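Please load the model in the viewer and keep the selection panel at hand.

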Amino acid sequence: MDRIATLPPLRETIAAHGLDAKKRFGQHFLLDLNLTRRIARAAAPLDEGTVIEVGPGPGGLTRALLLEGAANVVAIELDRRAIEALRELEAAADGHLALLEADALRIDPSTLGPAPRRIVANLPYNVSTPLLVRWLHAADELTDMVLMFQKEVVDRLVAAPRSKDYGRLSVIAQHVCEVRRLFDIPPSAFVPPPKVVSSVARLTPRPAADCLADLGPLERVTAAAFGQRRKMLRGSLAGLFRDPTAVLTDLGLSPTARAEELSVADFVRLAGRLDE
(Lines give C-alpha, C1' and ligand atoms only; values in the text may rest on other atoms or scores of the structure.)
Protein backbone atom coordinates (compact mmCIF):
# COMPACT_ATOMS: atom_id res chain seq x y z
CA MET A 1 0.00 0.00 0.00
CA ASP A 2 3.03 2.31 -0.13
CA ARG A 3 1.97 3.45 -3.61
CA ILE A 4 -1.34 4.75 -2.25
CA ALA A 5 0.42 6.94 0.30
CA THR A 6 2.36 8.64 -2.52
CA LEU A 7 -0.68 9.50 -4.66
CA PRO A 8 -1.45 13.19 -5.27
CA PRO A 9 -3.65 14.93 -2.65
CA LEU A 10 -7.37 14.55 -3.25
CA ARG A 11 -7.77 18.24 -4.08
CA GLU A 12 -5.32 17.78 -6.96
CA THR A 13 -7.25 14.73 -8.16
CA ILE A 14 -10.48 16.73 -8.10
CA ALA A 15 -8.91 19.60 -10.04
CA ALA A 16 -7.22 17.36 -12.59
CA HIS A 17 -10.46 15.57 -13.49
CA GLY A 18 -12.88 18.49 -13.17
CA LEU A 19 -14.58 16.56 -10.40
CA ASP A 20 -16.62 19.36 -8.89
CA ALA A 21 -19.43 18.01 -6.71
CA LYS A 22 -22.75 17.64 -8.54
CA LYS A 23 -26.03 18.28 -6.75
CA ARG A 24 -27.83 15.71 -8.87
CA PHE A 25 -25.49 13.01 -7.50
CA GLY A 26 -25.88 14.24 -3.92
CA GLN A 27 -22.10 14.66 -3.72
CA HIS A 28 -20.23 16.13 -0.76
CA PHE A 29 -16.61 14.99 -0.71
CA LEU A 30 -14.86 14.14 2.57
CA LEU A 31 -11.17 14.89 2.03
CA ASP A 32 -9.75 14.74 5.57
CA LEU A 33 -7.81 11.48 5.71
CA ASN A 34 -7.95 11.45 9.51
CA LEU A 35 -11.76 11.34 9.34
CA THR A 36 -11.94 8.83 6.51
CA ARG A 37 -9.51 6.53 8.31
CA ARG A 38 -11.63 6.87 11.46
CA ILE A 39 -14.63 5.62 9.46
CA ALA A 40 -12.54 2.78 7.99
CA ARG A 41 -11.31 1.72 11.44
CA ALA A 42 -14.92 1.70 12.69
CA ALA A 43 -15.68 -0.93 10.04
CA ALA A 44 -12.81 -3.25 11.01
CA PRO A 45 -11.89 -6.01 10.47
CA LEU A 46 -11.33 -5.35 6.78
CA ASP A 47 -8.72 -7.98 5.96
CA GLU A 48 -11.13 -10.67 4.78
CA GLY A 49 -14.09 -10.85 2.45
CA THR A 50 -15.32 -7.79 0.57
CA VAL A 51 -15.86 -4.15 1.45
CA ILE A 52 -18.53 -2.53 -0.72
CA GLU A 53 -18.31 1.24 -1.04
CA VAL A 54 -20.99 3.37 -2.71
CA GLY A 55 -20.29 6.82 -4.14
CA PRO A 56 -16.51 6.97 -3.65
CA GLY A 57 -16.17 10.26 -5.53
CA PRO A 58 -12.48 11.17 -5.70
CA GLY A 59 -11.63 8.27 -3.41
CA GLY A 60 -11.03 9.71 0.05
CA LEU A 61 -12.74 6.90 1.94
CA THR A 62 -11.50 4.37 -0.64
CA ARG A 63 -7.91 5.32 0.12
CA ALA A 64 -8.59 5.06 3.84
CA LEU A 65 -10.11 1.58 3.50
CA LEU A 66 -7.10 0.35 1.57
CA LEU A 67 -4.63 1.98 3.96
CA GLU A 68 -6.44 0.35 6.88
CA GLY A 69 -5.90 -3.06 5.32
CA ALA A 70 -9.00 -3.84 3.26
CA ALA A 71 -8.31 -6.98 1.28
CA ASN A 72 -10.94 -6.44 -1.40
CA VAL A 73 -12.84 -3.19 -2.06
CA VAL A 74 -15.61 -2.93 -4.66
CA ALA A 75 -16.40 0.75 -5.28
CA ILE A 76 -19.72 1.48 -7.00
CA GLU A 77 -19.88 4.87 -8.71
CA LEU A 78 -22.46 6.36 -11.07
CA ASP A 79 -20.45 9.47 -12.01
CA ARG A 80 -18.13 8.60 -14.89
CA ARG A 81 -15.83 11.51 -14.02
CA ALA A 82 -15.16 9.89 -10.65
CA ILE A 83 -14.46 6.53 -12.27
CA GLU A 84 -11.73 8.14 -14.36
CA ALA A 85 -10.33 9.91 -11.29
CA LEU A 86 -10.16 6.60 -9.42
CA ARG A 87 -8.17 4.75 -12.09
CA GLU A 88 -4.85 5.87 -10.61
CA LEU A 89 -5.93 4.61 -7.19
CA GLU A 90 -7.07 1.34 -8.74
CA ALA A 91 -3.62 0.84 -10.26
CA ALA A 92 -1.88 1.70 -7.00
CA ALA A 93 -4.07 -0.75 -5.06
CA ASP A 94 -2.42 -3.79 -6.71
CA GLY A 95 -5.61 -5.77 -7.22
CA HIS A 96 -7.31 -4.83 -3.94
CA LEU A 97 -9.74 -2.38 -5.61
CA ALA A 98 -12.36 -3.01 -8.29
CA LEU A 99 -14.39 -0.16 -9.79
CA LEU A 100 -17.97 -0.68 -10.86
CA GLU A 101 -19.70 2.04 -12.88
CA ALA A 102 -23.33 1.45 -11.94
CA ASP A 103 -26.37 2.66 -10.05
CA ALA A 104 -26.12 1.11 -6.57
CA LEU A 105 -29.92 0.98 -6.38
CA ARG A 106 -29.80 -1.63 -9.13
CA ILE A 107 -27.02 -3.75 -7.61
CA ASP A 108 -27.55 -6.78 -5.39
CA PRO A 109 -24.70 -6.59 -2.84
CA SER A 110 -24.72 -10.38 -2.42
CA THR A 111 -23.28 -10.69 -5.94
CA LEU A 112 -20.20 -8.58 -5.19
CA GLY A 113 -17.06 -10.41 -4.14
CA PRO A 114 -16.58 -13.16 -1.59
CA ALA A 115 -18.20 -13.19 1.86
CA PRO A 116 -18.10 -11.83 4.48
CA ARG A 117 -19.45 -8.65 2.92
CA ARG A 118 -19.71 -5.29 4.63
CA ILE A 119 -20.83 -1.97 3.22
CA VAL A 120 -18.85 1.13 4.17
CA ALA A 121 -19.89 4.38 2.54
CA ASN A 122 -20.34 8.12 2.69
CA LEU A 123 -23.74 7.84 1.08
CA PRO A 124 -25.04 10.36 -1.47
CA TYR A 125 -27.67 12.29 0.49
CA ASN A 126 -30.31 12.09 -2.23
CA VAL A 127 -30.48 8.27 -2.27
CA SER A 128 -29.28 7.30 1.21
CA THR A 129 -32.63 6.11 2.57
CA PRO A 130 -33.71 4.09 -0.52
CA LEU A 131 -30.27 2.44 -0.54
CA LEU A 132 -30.50 1.52 3.12
CA VAL A 133 -33.99 0.04 2.76
CA ARG A 134 -32.76 -2.04 -0.19
CA TRP A 135 -29.84 -3.33 1.87
CA LEU A 136 -32.07 -4.16 4.82
CA HIS A 137 -33.91 -6.56 2.54
CA ALA A 138 -30.57 -8.28 1.84
CA ALA A 139 -29.20 -8.02 5.39
CA ASP A 140 -28.66 -11.77 5.78
CA GLU A 141 -25.96 -11.46 3.09
CA LEU A 142 -24.10 -8.73 4.99
CA THR A 143 -21.86 -8.80 8.06
CA ASP A 144 -22.48 -5.17 8.87
CA MET A 145 -22.80 -1.66 7.45
CA VAL A 146 -20.90 1.45 8.52
CA LEU A 147 -22.63 4.34 6.80
CA MET A 148 -22.61 8.12 6.82
CA PHE A 149 -25.95 9.91 6.53
CA GLN A 150 -27.39 13.30 7.27
CA LYS A 151 -27.66 13.47 11.06
CA GLU A 152 -31.45 13.63 10.88
CA VAL A 153 -31.51 10.20 9.20
CA VAL A 154 -29.42 8.66 11.98
CA ASP A 155 -31.71 10.36 14.50
CA ARG A 156 -34.55 8.40 12.91
CA LEU A 157 -32.59 5.15 12.75
CA VAL A 158 -31.87 5.10 16.49
CA ALA A 159 -35.10 6.73 17.69
CA ALA A 160 -37.11 5.13 20.49
CA PRO A 161 -40.90 4.88 20.67
CA ARG A 162 -42.74 8.01 21.81
CA SER A 163 -40.01 10.27 20.39
CA LYS A 164 -40.53 12.73 17.53
CA ASP A 165 -38.00 10.96 15.28
CA TYR A 166 -39.51 7.49 15.71
CA GLY A 167 -41.07 6.27 12.47
CA ARG A 168 -41.08 3.72 9.67
CA LEU A 169 -37.32 3.75 9.19
CA SER A 170 -36.74 3.31 12.92
CA VAL A 171 -38.97 0.24 13.06
CA ILE A 172 -37.67 -1.51 9.96
CA ALA A 173 -33.99 -0.80 10.64
CA GLN A 174 -34.18 -1.79 14.31
CA HIS A 175 -36.08 -4.98 13.51
CA VAL A 176 -33.41 -6.11 11.06
CA CYS A 177 -30.30 -4.66 12.70
CA GLU A 178 -28.73 -3.50 15.90
CA VAL A 179 -28.23 0.20 15.16
CA ARG A 180 -25.59 2.34 16.85
CA ARG A 181 -24.63 5.96 16.27
CA LEU A 182 -20.84 6.27 16.17
CA PHE A 183 -19.91 9.94 15.71
CA ASP A 184 -20.88 13.18 14.00
CA ILE A 185 -18.95 15.07 11.30
CA PRO A 186 -19.39 18.83 10.87
CA PRO A 187 -20.27 20.45 7.52
CA SER A 188 -16.85 22.14 7.40
CA ALA A 189 -15.18 18.76 6.82
CA PHE A 190 -16.76 18.42 3.37
CA VAL A 191 -16.25 19.96 -0.05
CA PRO A 192 -18.64 21.60 -0.67
CA PRO A 193 -19.95 21.94 2.90
CA PRO A 194 -23.50 20.62 3.22
CA LYS A 195 -26.07 22.62 5.17
CA VAL A 196 -26.43 19.87 7.77
CA VAL A 197 -24.32 17.86 10.20
CA SER A 198 -23.52 14.30 9.12
CA SER A 199 -23.46 11.20 11.32
CA VAL A 200 -21.81 7.81 11.00
CA ALA A 201 -23.75 4.76 12.17
CA ARG A 202 -23.09 1.04 12.36
CA LEU A 203 -25.90 -1.39 11.51
CA THR A 204 -25.24 -5.01 12.44
CA PRO A 205 -27.81 -7.48 11.07
CA ARG A 206 -29.57 -9.68 13.59
CA PRO A 207 -29.68 -13.46 13.04
CA ALA A 208 -32.00 -14.26 10.16
CA ALA A 209 -34.07 -16.51 12.44
CA ASP A 210 -34.95 -13.47 14.57
CA CYS A 211 -36.29 -11.44 11.65
CA LEU A 212 -39.24 -11.61 9.29
CA ALA A 213 -38.36 -13.55 6.15
CA ASP A 214 -40.33 -10.98 4.15
CA LEU A 215 -40.23 -7.32 5.19
CA GLY A 216 -43.14 -6.44 2.90
CA PRO A 217 -45.89 -6.79 5.54
CA LEU A 218 -43.86 -4.72 8.03
CA GLU A 219 -43.36 -2.01 5.42
CA ARG A 220 -47.09 -1.93 4.69
CA VAL A 221 -48.13 -1.77 8.33
CA THR A 222 -45.64 0.97 9.20
CA ALA A 223 -46.54 2.93 6.06
CA ALA A 224 -50.20 2.94 7.06
CA ALA A 225 -49.59 3.68 10.73
CA PHE A 226 -47.02 6.44 10.32
CA GLY A 227 -48.55 7.81 7.14
CA GLN A 228 -51.37 9.09 9.32
CA ARG A 229 -49.50 9.27 12.60
CA ARG A 230 -51.93 11.71 14.22
CA LYS A 231 -54.74 9.21 13.80
CA MET A 232 -55.54 6.48 16.28
CA LEU A 233 -54.42 3.07 15.04
CA ARG A 234 -57.98 1.85 14.65
CA GLY A 235 -58.32 4.54 11.96
CA SER A 236 -54.90 4.50 10.30
CA LEU A 237 -54.95 0.70 9.90
CA ALA A 238 -58.50 0.55 8.54
CA GLY A 239 -57.24 0.10 5.00
CA LEU A 240 -55.23 -3.00 5.96
CA PHE A 241 -57.48 -4.91 8.35
CA ARG A 242 -61.19 -5.63 8.06
CA ASP A 243 -61.55 -5.00 11.80
CA PRO A 244 -58.42 -3.23 13.10
CA THR A 245 -59.95 -2.77 16.55
CA ALA A 246 -60.35 -6.53 16.94
CA VAL A 247 -56.82 -7.23 15.70
CA LEU A 248 -55.27 -4.64 18.01
CA THR A 249 -57.27 -5.80 21.00
CA ASP A 250 -56.36 -9.42 20.34
CA LEU A 251 -52.67 -8.43 20.38
CA GLY A 252 -53.08 -6.56 23.64
CA LEU A 253 -52.69 -3.18 21.93
CA SER A 254 -54.94 -0.19 22.44
CA PRO A 255 -57.02 0.69 19.36
CA THR A 256 -56.84 4.34 20.44
CA ALA A 257 -53.02 4.36 20.56
CA ARG A 258 -51.03 6.18 17.89
CA ALA A 259 -48.18 4.79 15.82
CA GLU A 260 -45.35 6.28 17.88
CA GLU A 261 -46.60 4.44 20.99
CA LEU A 262 -45.95 0.97 19.58
CA SER A 263 -42.64 -0.82 19.99
CA VAL A 264 -40.75 -2.47 17.14
CA ALA A 265 -41.95 -5.85 18.42
CA ASP A 266 -45.56 -4.61 18.39
CA PHE A 267 -45.28 -3.67 14.73
CA VAL A 268 -43.74 -7.05 13.91
CA ARG A 269 -46.71 -8.79 15.57
CA LEU A 270 -49.09 -6.61 13.59
CA ALA A 271 -47.28 -7.47 10.37
CA GLY A 272 -47.70 -11.13 11.23
CA ARG A 273 -51.46 -10.68 11.29
CA LEU A 274 -51.66 -8.90 7.97
CA ASP A 275 -52.33 -11.94 5.81
CA GLU A 276 -55.18 -12.93 8.06
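In what follows, buried denotes under 20% relative accessible area, exposed over 50%, and partly exposed in between (1.4 Å probe, protein chains only). The model is predicted: local features need pLDDT of at least 70, side-chain atom pairs count only at pLDDT 80 or more, and totals for chains, interfaces and linings use all residues. Residues are numbered from 1 along each chain as its sequence is written, and side-chain values use heavy atoms, with hydrogens and water left out.

Select helix H9, residues 216-227; helices are DSSP runs (H or I, at least four residues), numbered from the N terminus. Its buried residues are Gly216, Pro217, Leu218, Val221, Thr222, Ala224, Ala225 and Phe226. Display helices H8 (168-176), H10 (233-236) and H12 (264-272) next, against which these buried residues pack.

Turn now to the cavities, each a set of points on a 1 Å grid over the protein atoms alone where a 1.4 Å probe fits but cannot get out; lining residues have an atom within 4 Å of a point. The structure holds two cavities of 30 Å³ or more, a volume being the space filled by probe spheres set on the points.

For the largest cavity, of about 50 Å³, select Leu7, Thr13, His17, Arg63, Ala85, Glu88 and Leu89. Helix H5 (residues 80-92) supplies the largest share of this lining, three residues.

Finally, select Ile52, Val54, Ile76, Ala104, Ile107, Pro109, Leu112, Ile119 and Trp135, which line the second largest cavity. Its volume is about 40 Å³.

Terms used: 1 Å grid on protein atoms, 1.4 Å probe; cavity = no way out; pocket = protein on both sides within 12 Å on 5 of 7 lines; lining within 4 Å. Helix = DSSP H or I, 4+ residues; strand = E, 2+ residues; numbered from the N terminus. Expected span 1.5 Å × (residues − 1). Contact = heavy atoms within 4.5 Å.
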